[in-house]
Amino acid sequence: MPTHRKHNVLERRIFNLIREDDINTFHANLIDGFLIVLVIVSVIVAFLSTFDLKDETHDLILILETIFIILFTIEYLLRIWTAELIFENLSPWRSRLKYALTPMAMIDLFSILPFYLPLVGISVSSLNAIRIIRLLRIFKINRYTHSLTLIWMVLKKQAAQLFSSILVILVLMFIAAMLMYDVEHIAQPEVFDNALSAMWWAMATITTVGYGDIYPITTVGRILSAFITFMGIGLTAIPTGILSAGFITQSREIKEMKDRENASMDNSNLGDTRL
């Protein structure tokens, strides 16, 4: 049975400002906009930190990064604190624990964690690892745009079709690699020295990337390469078509759902007016 708890006014107001849904006031939209800008700027700063900069610029980046960490930490703690308003059927500590284990909450945590680990005596030795973790902040934008959620929904619904198309491409890649190895190994033993080298050529050819580091020189090999290239153009377009159709279908379903919700709200308001 759900338990109805009383929440203080401050907690409710903060929850309404940072809640992860489309029910936003003017001030909530301002905060969302500020956080989006903050995420984008923090990612740009992380990108700039890879350059060989002057000491003054490097110090400025460190100051900005500290500011970002403080603001993101405050946001994370506020979301943990107000989580009991999301899971009102759970006790306060259980609701906060449940929210802390959600994907978005984990992204929030991991994006600030490298800053605090040295403070508790845990050495973060890899600078590259820190930069990669900091880039997780870009996924925080999904909280306000829901674009990544839409992509995930499409991938989930089209998983079977995508798996089938990718499996066909992998089979073609394997066959093409074995055929090209048999044709080119004698002419280029140092280039097509094994099937793995031929597999690299098949991947670059079927995906139409064509790095040019490995290519056939025999007549039969070139004819086979042209045939496989044409096959690759057709096959690699299949996943694109599947995803495009999935996006169109999912977007239509979301629009229809919102239209039904709006119609339901209009009917409800009309009923209240009549009363």
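So, Val 43: leaving out residues up to four places away in sequence, Val 43 touches Leu 135 and Ile 138, where contact means heavy atoms within 4.5 Å. In sequence, Val 43 and Ile 138 are 95 residues apart, yet C-alpha to C-alpha they sit 6.9 Å apart in space. Val 43 belongs to helix H2, residues 26-48. When I say helix, I mean a DSSP run of H or I with at least four residues, while a strand is a run of E with at least two, and both are numbered from the N terminus. Val 43 counts as buried because its relative accessible area is 18%. The cut-offs there: buried is under 20% relative accessible area, exposed is over 50%, and partly exposed is in between, using a 1.4 Å probe and protein chains only.

Quick word on what we're looking at: this is a predicted model, where local features need pLDDT of at least 70 and side-chain atom pairs count only at pLDDT 80 or more, though totals for chains, interfaces and linings use all residues. Residues are numbered from 1 along each chain as its sequence is written, and side-chain values use heavy atoms, with hydrogens and water left out.

Okay, the whole chain. How many helices and strands are there in the protein chain? We get 11 helices and zero strands. Of the 275 residues, 29% are buried. Take the contacts between residues at least 6 apart in sequence: 68% of those join residues at least 24 apart. The chain exposes about 17800 Å², and carbon and sulfur atoms supply 70% of that; those areas come from the Shrake-Rupley method with a 1.4 Å probe, and for residues only the protein chains shown count as cover.

Back to Leu 135, which turned up next to Val 43. Ser 111 and Leu 135 are 24 residues apart in sequence and 7.5 Å apart in space, C-alpha to C-alpha. Ser 111 lies in helix H5, and with a relative accessible area of 1% it is buried. Also in H5, residues 103-116, is Leu 109. Is Leu 109 buried or partly exposed? Leu 109 counts as partly exposed, because its relative accessibility is 23%. Leu 109 is 36 residues from Thr 73 in sequence, and 8.2 Å from Thr 73 in space, C-alpha to C-alpha.

Another serine: Ser 165, in helix H9, residues 159-184. Ser 165 is buried, at 8% relative accessible area. Skipping residues up to four places away, Ser 165 touches Ile 238, Pro 239 and Ile 242.

Last stop, helix H1, residues 9-18. Which residues of H1 are buried? Glu 11, Ile 14, Phe 15 and Ile 18. They cover an arc of only 100° around the axis, so they end up on the same side of H1; the arc is that of the directions from the helix axis to the C-beta atoms. On the face turned away from that buried side, H1 carries exposed Val 9 and Arg 13.

What do the buried residues of H1 pack against? They pack against helix H3, 55-81, and helix H4, 92-100. The axes of H1 and H3 come within 10 Å and cross at roughly 115°. Those axes are lines fitted to C-alpha atoms, for helices over the stretch in contact, with angles running from 0 to 180 degrees between N-to-C directions. From H1, the contact uses Leu 10, Glu 11, Ile 14 and Ile 18, and from H3, Leu 78, Arg 79 and Trp 81. By class, that contact has five nonpolar, no polar and two charged residues. For those classes, Ala, Val, Leu, Ile, Met, Phe, Trp, Tyr, Cys and Pro are nonpolar, Asp, Glu, Lys and Arg are charged, and the others, including Gly, are polar.
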